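The structure is shown first.

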Amino acid sequence: MQLRTLLNAVIHPSPDSYALVRAVFVRLLGVVYLIAFASFGVQMAGLVGADGILPASEFLERVRDIFGSDSYRLVPTVFWVSASDVALTIGMIAGLALSVCLIVGFLHRTALVALYTLYLSFVSVGQVFMSYQWDTLLLEVGFLSIFLAIPGPALVWLFRALMFRFWFLSGAVKLLSDDPTWSSLTALTYHYETQPLPTWVAWYAHHLPEGFHRLAVGGVFFVEMVVPFMVFGPRPLRFFAAACFTGLNIVIAVTGNYTFFNLLSIILCVFLLDDDLLQRTPERVRRFVPRFPTFTRPQRVLTGAMATIAAFVLIVGGLQLWGTFAGSYPGPTAAAIRWISPFHTVNGYGLFAVMTTLRPEIIVQGSNDGMEWRTYEFKHKPGDLARRPSFVAPHQPRLDWQMWFAALNPNRVSGWFQAFALRLLEGSPSVTGLLAENPFPESPPRYIKAELYLYTISDYGARRETGHWWERRHVGTYFGPVTLGRE
């Protein structure tokens with residue numbers, strides 16, 4: 001039914017009743033782009049700069065040595081011209097400036113193309129630090145937004161199809177994973193404690209009754225598996241879907257720091273509304289939302305362009321759905337999916353397919369004599385037991401996030417972590433700047449090691465007595481000690 005509706009919108013477009021929807025969404029997308037660029041920008045030097053953990057220039061050189069001319073497709077980025085710190089900074093400033101252009105309504109169409117290109121460029125050289133689903137979601141949204149200048153409701157239906165795929169796949173992977181915590185409705189008894197960067201609200205949510213957690217998991221499945229079908233329904237169902245998606249995102253946002261993901265998910269709900277509804281906002285509000293300029297080329301040309309875009313998005317999106325349920329892509333389509341995947345135009349999704357039930361944490365320490373060890377405190381991930389979990393979203397401290405992933409696989413020390421330890425031994429200011437404090441401000445330590453602890457949320461009695469938000473027990477050594485051999 002929804003495919004037929006979309007095709008009718010492409011072939012026989014009705015008068016555009018989504019002009020205000022389009023204008024509101026573009027400004028809000030500019031806000032998300034601004035946050036995304038600014039958040040990565042303040043960490044860029046320490047993550048991928050010349051003195052960072054995984055320098056972008058060295059990464060591109062390795063890729064070119066291995067893949068030759070195919071490198072430019074596998075790693076699509078403007079930084080092939082130069083990945084120096086100056087070039088990265090120029091790219092970041094351009095991204096911030098273009099985001100502002102989008103917000104204020106200047107050079108809309110040019111800004112949309114440039115922003116997608118620039119953010120794809122940073123994702124490509126960001127390596128593990130830019131490999132999150134909200135990064136790929138922003139790129140897919142940014143790619144679709146390039147075509148917002150084509151009038152008519154067709155693109156609105158494509159955005160709704162994206163919302164369906166994102167939410168439905170997020171629910172489907174939970175069931176397909178055979179994870180007992182999801183099938184038994186107990187996943188949320190673990191989630192608030194074990195998620196990457198919980199807020200202090202999560203401490204209280206963790207102590208809610210188990211029956212409430214089970215009911216909440218049922219609500220998650222309803223929103224992710226049932227509500228997505230409503231995005232193709234009549235106005236009341238679409239509005240209800242928008243309310244459900246927004247409500248779930250708010251709950252996620254107040255209990256966990258998931259960067260700009262929640263904001264991006266909420267603004268996508270604008271496409272479940274229409275101009276009739278938005279026109280009811282006060283005139284003084286609408287005055288700050290200038291209309292988004294659309295193309296005025298011959299209708300036949302625009303219809304052909306829209307049909308091509310719709311066919312591409314629907315076919316690849318359908319293959320993503322197929323691949324999730326079947327475990328593989330049919331016939332030769334697997335090669336096609338691999339070919340286009342570096343551009344992140346249409347992606348597969350699925351958050352928290354398997355719920356983490358324990359919270360290991362890596363504590364990094366340095367020493368000059370191998371006897372007295374000082375701890376490197378991170379800005380936001382759990383470390384000091386008495387430090388209250390904080391709100392940091394929509395900013396994403398990407399090193400803190402990677403430390404969470406590293407702790408989940410303690411039997412394998414990732415290459416990026418070894419590079420991180422090396423930078424600490426060298427005393428790189430760009431890298432130590434990513435941390436809450438540097439316990440060796442005068443000169444870097446001679447030794448670095450990392451210990452593994454198992455963290456649990458404290459109970460009410462322990463917190464009253466000690467003031468600790470967390471409790472922990474030592475598990476073993478994760479890494480090291482290592483040294484550069486300085487005398």
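I count a residue as buried under 20% relative accessible area, as exposed over 50%, and as partly exposed in between (1.4 Å probe, protein chains only). The model is predicted, so I note that local features need pLDDT of at least 70 and side-chain atom pairs pLDDT 80 or more, while totals for chains, interfaces and linings use all residues. Residues are numbered from 1 along each chain as its sequence is written, and side-chain values use heavy atoms, without hydrogens and water.

Entry on aromatic pairs.
I paired rings of Phe, Tyr and Trp (its six-membered ring) with centres within 6.5 Å; planes under 30 degrees apart are stacked, over 60 edge-to-face, the rest tilted. By this rule I recorded 49 aromatic pairs. One of them, Phe164 with Phe229, is edge-to-face, at 5.1 Å centre to centre and 70° between the planes. This pair links distant parts of the chain, 65 residues apart: Phe164 lies in helix α9 (residues 154-176), and Phe229 in the loop between α13 (210-226) and α14 (235-255). I took helices as DSSP runs (H or I, at least four residues), numbered from the N terminus. Phe164 counts as buried because its relative accessibility is 10%, whereas Phe229, at 45%, is partly exposed.

I also noted a cluster linked by ring pairs, including Trp134, Trp167, Trp401 and Trp404.

Entry on helices α2 and α7.
I looked up which residues meet, taking contact as heavy atoms within 4.5 Å. Among them, Tyr33, Phe37 and Phe40 are on the α2 side, and Leu115, Tyr119 and Phe122 on the α7 side.

Notes:
Helices (H or I, at least four residues) and strands (E, at least two) are DSSP runs, numbered from the N terminus.
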